[in-house]
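Subject: Structure for your review

Dear colleague,

Please find below the structure that I would like to hand over to you.

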Amino acid sequence: MDLHFGDSKPTDEERAAVDSLLGPPTSAWEGAEDRTDADLRWARGGREARERRDLLLPGLHAINDRIGWISEGALDYLCRRLTVPPAEAYGVATFYAMFAVKPRPAKVLHVCTDLACASKGSAALCAGLEERLGAAGSAAGGLVWQPSPCLGLCERAPAALVIQAGVPSDEGSVPLPLASTGSGRDGATQVQLGGARPSWPAGANPAGPARTGNGVSAEPAARRYTTAVIAPATAEALVLAAAEPAAAPAEPAASLAVPQAGQPGLSLLARVGVVDPYSLDDYRAHDGYRALRRAFDLGPAGVIREVTDAGLVGRGGAAFPTGRKWQATASQPVRQHYLVCNADESEPGTFKDRVVMEGDPYALIESMTIAGYAVGADRGYLYLRGEYPRALRLLQNAIDQARARGLLGDDILGQGYAFDIEIRRGAGAYICGEETALFNSIEGYRGEPRSKPPFPVESGLFGKPTAENNVETLINVLPILNQGAAAYAAIGTGQSTGPKLFCVSGNVGKPGIYELPFGATLGELLELAQAPDTMRAILLGGAAGGFVRPDELDIPLTFEGTRAAGTTLGSGVVLVLDDTVPLPRMLVRIAEFFRDESCGQCVPCRVGTVRQEEALHRIVDRTGADAAQDIALLREVGAAMKDASICGLGQTAWSAVESAIDRLGAYK
Amino acid sequence: MTVIPLRLPRRLLEFTLDGQETRVPEGSTILDACRAAGKDIPTLCEGDTLTPKNACRVCVVEVEGARVLAPACSRKAEAGMTVLTDSPRARHSRKIVLELLASSTDLSTTPRAAEWIKEYKAKPDRFGPDAARLDEEPKIDNDLYVRDYDKCIQCYKCVDACGEQWQNSFAISVAGRGFDARISTEHDGPLTDSACVYCGNCIEVCPTGALSFKSEFDMREAGTWNEEIQTETTTICAYCGVGCNLTLHVQENEIVKVTSPHDNPVTHGNLCIKGRFGFQHVQER
């Protein structure tokens with residue numbers, strides 16, 4: 001490899017941000033300031049350095065978190081440390097929405113303008129902000145605000161997230177991590193985020209001396225890395241929170257997103273709002289880690305048999321049989337195997353994984369341990385969407401506690417099984433929820449999907465056999481093992497077994513996550529959520545799903561039932577729009593979302609999503625014959641996107657619009 | 001003399017191609033099988049010496065039983081599969097892809113594009129005059145290359161050729177995403193500040209003329225570029241002892257560009273800066 005680094009140098013703070021992740025450089029080859037005699041005799045940067053490529057994304061986060069944006073000098077320094085070509089790293093940095101490669105203020109206010117928030121007045125919110133803070137994207141007073149795709153806070157719409165770049169709150173109170181723990185695939189490289197139980201809002205940690213990464217005392221008033229979630233938001237509250245993120249009011253408990261919280265009969269949500277999400281003891285007192293013990297009794301093949309017999313299928317939208325995926329991964333002769341938890345839910349209208357992770361984080365850790373055991377993986381990656389700061393803190397705490405108690409690590413429960421979990425933060429890219437794009441993202445490449453075949457069970461993360469499941473799929477393993485496959489399979493219908501989580505948002509009285517056995521009808525669900533009498537449309541499955549009419553409430557909420565009705569269950573989104581919501585504008589918003597989130601790799605998606613958005617803009621105020629020509633065009637482009645795109649994003653980018661035209665008569 | 005590299009014998013597998021039983025060596029792509037059967041499938045991002053990225057999607061074919069169409073250039077033939085290369089679905093997608101491409105990029109120097117647009121009855125202008133396109137001025141920041149991103153279809157061939165598949169320079173990558181994605185150097189700077197070693201291998205693989213020799217670009221601007229009267233002579237590079245083959249493109253007794261035969265087992269079309277660009281001394285300049 002012929003690497004070329006420019007002349008730009010990192011600032012001390014940028015260097016400290018990178019070094020806090022990677023430890024100080026040991027040689028001039030990777031950016032140490034002094035060249036020693038040894039450097040003249042050997043060259044760094046062979047296989048050892050290249051194998052740390054997967055630290056590129058954490059490295060970009062480290063810089064962006066501390067400075068607020070990624071300068072040329074900082075990027076080049078990170079590239080030198082990891083032996084990554086700067087052009088490629090630039091391609092990665094510019095791929096993610098949360099990173100900036102141009103200077104911007106340390107405080108960024110992301111205001112969600114996606115479907116659920118749009119139905120709850122995000123347009124007025126943005127107008128209010130424009131009045132108080134100036135136009136979106138213009139920096140003033142150390143702050144910039146910008147519209148954002150779905151933040152996954154749909155039950156509390158309209159929502160916003162403030163991120164203030166600064167020194168991580170753990171630094172100075174915890175010894176420098178990583179310098180000696182190895183890295184990447186082999187060592188446990190962890191960005192320590194609050195090992196101790198933080199007080200809300202965490203991230204604001206006024207105690208402890210402020211120190212920079214290389215141990216040099218800095219100004220005592222160093223700016224702290226802080227995040228604040230404001231939902232539901234008003235313009236006044238946002239201005240206040242943006243001015244002083246650390247003093248923003250705490251987020252309400254995750255259980256408030258679960259209207260059924262504490263009710264008997266819940267399985268997946270039984271502990272949300274009941275247990276202390278910080279306490280491993282409390283989790284164990286509520287049935288925690290019983291399933292893992294049962295898994296050890298059954299052995300890996302036994303676990304796979306139970307999951308197969310239970311009829312569990314993937315809950316991310318594709319409905320692939322989980323047992324078959326695990327079996328296929330487990331039976332690959334190649335070592336090593338990986339388990340990946342897809343916690344990148346970015347589908348507009350989806351927030352169930354967030355609520356589970358915030359309300360019952362240990363359940364996910366236990367489920368991943370069982371899944372890893374079943375597929376023969378000794379390493380699990382938890383790919384968490386970057387916009388979920390509270391879930392990150394809670395999961396990191398749960399992993400640390402589990403590790404400290406021998407529930408993760410070299411010898412789990414004395415069973416001789418080694419497994420550890422590493423959290424990887426996404427950085428704002430819906431496409432990274434696609435399973436192969438997620439692998440590329442973890443590996444330090446652009447989050448572009450790969451062509452299949454080969455399938456992940458054969459060649460997945462780092463080219464090794466990988467089982468990837470989303471959060472909801474994984475936590476279903478607990479009731480399967482606790483109740484037994486037969487009892488689990490008795491819930492729901494023949495083809496859709498078990499309980500299912502639904503994310504209800506939009507114009508309903510009680511938005512939130514609902515758990516129902518498969519087979520309940522749309523009407524039954526909407527009755528629980530108090531749908532209005534003035535419903536105009538219901539979006540099933542999110543932006544990649546489809547609309548149904550208010551007179552189709554008898555659709556059974558199962559994979560086969562929605563398929564028979566010509567629609568999809570997708571990820572379990574049920575977004576209700578009443579007659580005050582301008583449907584054509586919502587369709588434009590959906591098209592904008594896909595145009596924004598397309599990775600740009602293949603032509604049908606890269607250009608097709610643009611042409612779709614243009615056509616919808618043209619007909620936003622038109623009906624009948626005036627819209628007919630553009631609707632015909634949309635159909636033709638949509639068919640090609642569906643047929644010829646590389647991945648599910650392009651293939652489904654037209655589904656919701658198509659259903660709005662066909663089922664709702666959107667432009668009649 | 002062309003050296004034909006010997007390979008291990010491969011097993012043959014049978015599958016149905018447009019209703020015909022076809023036998024191809026294991027590991028062949030559907031496109032290989034089509035070409036062996038004399039079928040012409042349009043391709044843009046496929047290249048003979050690089051692993052195709054299958055990003056352009058003009059070569060899509062219908063595989064029976066599959067939910068979506070498959071790119072012929074990279075989908076391997078499997079025993080027993082049934083493939084339709086010219087089904088209405090495949091033809092429709094190809095037509096739309098050509099329309100999408102031609103409406104957003106300048107395909108005027110893309111070989112065969114006009115022919116395919118005609119064949120598939122594509123109408124790129126039906127997206128209206130306001131259809132988004134790049135409309136960027138060519139980037140001329142050195143004396144050897146011109147980068148004209150208005151012609152770029154982002155097939156990734158230049159990135160692969162510059163990176164791990166050929167040159168290992170990694171001077172360019174794709175930056176940004178979606179419609180705003182561009183082939184870019186680090187920090188979007190000029191090529192002269194990048195890791196570029198001016199081997200020109202990216203020009204060699206560019207299927208649309210988005211990357212071109214400055215000499216060719218200047219002649220096209222001046223209206224003096226005339227491929228019909230050009231002759232091509234393959235000779236051996238005299239700069240060093242490797243013995244790379246050079247194909248000299250000569251117009252009116254002047255070398256106007258240098259390429260290299262892709263079937264040469266030593267270079268596979270690769271050259272270095274001297275072989276590719278060091279021809280002016282021949283012309284006493």
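In which loop of chain B is B:R112 found? The loop between α2 (88-104) and α3 (113-119) of chain B holds B:R112. Please keep in mind throughout that this is a predicted model.

Backbone features

Most residues other than glycine have a negative phi, and most peptide bonds are trans. Against that background, B:R112 deserves a note: its phi is positive, about 75°, although it is not a glycine. With a relative accessible area of 33%, B:R112 is partly exposed. A:D287 is found in the loop between α10 and α11 (290-310) of chain A, and its relative accessibility of 38% makes it partly exposed.

Two cis peptide bonds may be noted as well. A:A157 and A:P158 are joined by a cis bond with omega about -5°, and A:P158 has its place in the loop between β2 (143-148) and β3 (160-164) of chain A. The bond from A:A231 to A:P232 is likewise cis, with omega near -5°; here the proline, A:P232, lies in the loop between β4 (226-230) and α9 (235-243) of chain A.

Chain A as a whole

Chain A contains 26 helices and 13 strands. Its radius of gyration is 24 Å, close to the 26 Å that the globule rule gives for 668 residues, so chain A is as compact as a globular protein of that length. The C-alpha trace of chain A spans about 80 × 60 × 45 Å along its principal axes. Of its 668 residues, 63% count as buried. Among the contacts in chain A with a separation of 6 or more, 74% come from residues 24 or more positions apart.

Strand β6 and its partners

How many of the eight residues of strand β6 (residues 377-384) of chain A are buried? Seven of them are, so the strand is largely enclosed by the rest of the structure. Strand β5 (residues 337-343) of chain A pairs with β6(A) in the parallel sense over seven bridges, and A:V340 stands opposite A:Y381 in β6(A). Six bridges join β6(A) to strand β7 (residues 420-425) of chain A, and these two strands also run parallel. In that pairing, the bridge partner of A:G380 is A:I421 in β7(A). Together with helix α15 (residues 389-404) of chain A, β6(A) and β7(A) make a right-handed β-α-β unit.

Aromatic rings and charges

A pair of aromatic rings is described by the distance of the centres and the angle of the planes. Over all chains, the structure holds 18 aromatic pairs. In one of them, the rings of A:Y283 and A:Y362 have centres 5.6 Å apart and planes at 25°; the pair is stacked because planes under 30 degrees apart count as such. A:Y283 lies in helix α10 (residues 280-285) of chain A and A:Y362 in helix α14 (residues 361-375) of chain A, so the pair ties together parts that are 79 residues apart in sequence. Both A:Y283 and A:Y362 are buried.

A:Y430 and A:F594 form an edge-to-face pair, at 6.3 Å centre to centre and with 75° between the planes. This pair links distant parts of the chain, 164 residues apart: A:Y430 is in the loop between β7 and α16 (435-443) of chain A, and A:F594 is in helix α22 (residues 583-597) of chain A. A:Y430 and A:F594 are both buried.

The charged end of A:R15 sits over the ring of A:Y77, 4.7 Å from its centre. The charged end of A:R611 sits over the ring of B:F127 in chain B, 5.4 Å from the ring centre.

The sheet in chain B

Chain B has an open sheet of five strands in the order β2-β1-β5-β3-β4, with mixed pairing. Its edge strands are β2 (20-25) and β4 (70-71), each of which pairs on one side only. Strand β3 (residues 60-63) and strand β5 (residues 82-84) of chain B run antiparallel and are joined by two bridges; B:V63 has B:V83 in β5(B) as its bridge partner.

Yours sincerely

Methods: Residues are numbered from 1 along each chain as its sequence is written. Chains are lettered from A and ligands numbered from 1 in the order in which they are written. This is a predicted model: local features need pLDDT of at least 70, side-chain atom pairs count only at pLDDT 80 or more; totals for chains, interfaces and linings use all residues. Side-chain values use heavy atoms; hydrogens and water are left out. Buried means under 20% relative accessible area, exposed over 50%, partly exposed in between (1.4 Å probe, protein chains only). Helices (H or I, at least four residues) and strands (E, at least two) are DSSP runs, numbered from the N terminus. Two strands pair if DSSP finds at least two bridges between them. A crossover is right-handed if, with the strands pointing away from the viewer, the path from the first strand over the helix to the second runs clockwise. Rings of Phe, Tyr and Trp (its six-membered ring) pair if their centres lie within 6.5 Å; planes under 30 degrees apart count as stacked, over 60 as edge-to-face and the rest as tilted. A charge sits over a ring if NZ of Lys or CZ of Arg is within 6 Å of the ring centre and within 35 degrees of the ring normal. The radius of gyration is taken over C-alpha atoms; the globule rule is 2.2 Å times the number of residues to the power 0.38. Contact means heavy atoms within 4.5 Å.
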